[in-house]
Amino acid sequence: GSNRSAVFTDPVLFHYANGDLTPPREGDVSGENERSGTQHWRKVVLDDSGSLGGGRFRGGWLYMTADLPEEKTVIVQADGAATLLINGVPREGDAYSKDWMLIPTKLKKGRNEFWFEIAFRARGESVKYALPPKPVYLTDRDMTVPDLLTSEIGEKLASIRIVNATDKALEGLTIKSTVAGVEHESPLPVVAPMSTRKVPYAVEN
């Protein structure tokens, strides 16, 4: 049977909600396991790819820091994360390790803290970040495109992700598609600041 429940307990999120979440120290009690045994924080070492690998820590938490000489806007990828806290801000992770989630984030000068809840379905665990190629850009990750048949003429819907790595909402944008010389322009919904949104657009053949 499944152990899933709409109501669950989590010691890290409990302290986060109470506003008293502090960096762990090796040996600190982190909570209890399913057998009511005490669990403790311990130091782990990432491999050369920045991953723990092997899924040994599914259902647990990782705490990591990054010290930067200056403020930077970056794109964070958290493969295998069910929940991600970046400097106290909750963000969505990539629970299925599909390499789809692109999280625009402003990291501060000095120490930045990452709390990483490892998903039970994770195939690997890693956090990496890089500078965005542009402040606003399209990505082909997780595109949805229709099958176009010569026997079916007309408008079809597709979708693509827009990454907005700026502090301003994107409004009033359109996207233009061209199929076999036929152009179609589609209005886009608002894309919030520092976010990624999958938006629909039309193609016509």
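Author: What follows is a short tour, from the overall make-up to single residues.

Author: This is a predicted model, so to speak of local features a pLDDT of at least 70 is needed, side-chain atom pairs count only at pLDDT 80 or more, and totals for chains, interfaces and linings use all residues. Residues are numbered from 1 along each chain as its sequence is written, and side-chain values use heavy atoms, with hydrogens and water left out.

Reader: What is the mean pLDDT of the protein?

Author: The mean is 86, and 88% of the residues reach 70 or more. pLDDT is the predictor's confidence in each residue, from 0 to 100.

Reader: Which elements have the lowest and the highest mean pLDDT?

Author: Strand S1 (residues 29-32) has the lowest, at 75, and strand S7 (residues 103-107) has the highest, at 95.

Reader: What share of the contacts is between residues 24 or more positions apart?

Author: Among contacts with a separation of 6 or more, such residues account for 67%. A contact means heavy atoms within 4.5 Å.

Reader: On to the sheets. What is the order of the strands in the sheet with S11?

Author: The order is S10-S11-S14, an open sheet of three strands with antiparallel pairing. Its edge strands are S10 (136-144) and S14 (195-204), each of which pairs on one side only. The twist averages 35° from one strand to the next. Two strands pair if DSSP finds at least two bridges between them. For the angles, axes are lines fitted to C-alpha atoms, for helices over the stretch in contact, and the angles run from 0 to 180 degrees between N-to-C directions.

Reader: How many bridges are there between S11 and S14?

Author: Ten, with strand S11 (residues 155-164) and S14 in the antiparallel sense. In one of the bridges, Asn 164 has Ser 195 of S14 as its partner.

Reader: Which residue stands opposite Ile 103?

Author: Val 76. Ile 103 lies in S7 and counts as buried, at 4% relative accessibility.

Reader: What does Ile 103 touch?

Author: Leaving aside neighbours within four places in sequence, Ile 103 is in contact with Val 74, Ile 75, Val 76, Leu 84, Arg 91 and Glu 92. Ile 103 and Glu 92 are eleven residues apart in sequence and 8.0 Å apart in space, C-alpha to C-alpha.

Reader: Change of topic. How many aromatic pairs are there?

Author: Two. Rings of Phe, Tyr and Trp (its six-membered ring) pair if their centres lie within 6.5 Å; planes under 30 degrees apart count as stacked, over 60 as edge-to-face, and the rest as tilted.

Reader: Why is the pair of Trp 41 and Trp 115 edge-to-face?

Author: Because the ring planes of Trp 41 and Trp 115 are at 75°, with the centres 5.9 Å apart. The pair links distant parts of the chain, 74 residues apart: Trp 41 is in the loop between strand S2 (38-40) and strand S3 (61-68), and Trp 115 is in strand S8 (residues 110-118).

Reader: What about the pair with Tyr 63?

Author: Tyr 63 and Trp 115 form a tilted pair, 4.8 Å centre to centre with 55° between the planes. Tyr 63 is in strand S3, 52 residues from Trp 115 in S8. Ring pairs link Trp 41, Tyr 63 and Trp 115 into a cluster.

Reader: Is Tyr 63 buried, exposed or partly exposed?

Author: Partly exposed, at 22% relative accessibility. Trp 115 is buried, with a relative accessible area of 5%, and Trp 41 is buried too.

Reader: Last one: where does Ser 186 lie?

Author: In strand S13 (residues 182-187). Ser 186 counts as buried, at 6% relative accessibility. A polar atom of the Ser 186 side chain lies 2.9 Å from the backbone nitrogen of Ala 202.

Terms used
Helix = DSSP H or I, 4+ residues; strand = E, 2+ residues; numbered from the N terminus. Buried < 20%, exposed > 50% of the residue type's maximum accessible area, 1.4 Å probe, protein only. Polar contact = N/O pair within 3.5 Å; in protein donor to acceptor, adjacent residues only side chain to side chain.
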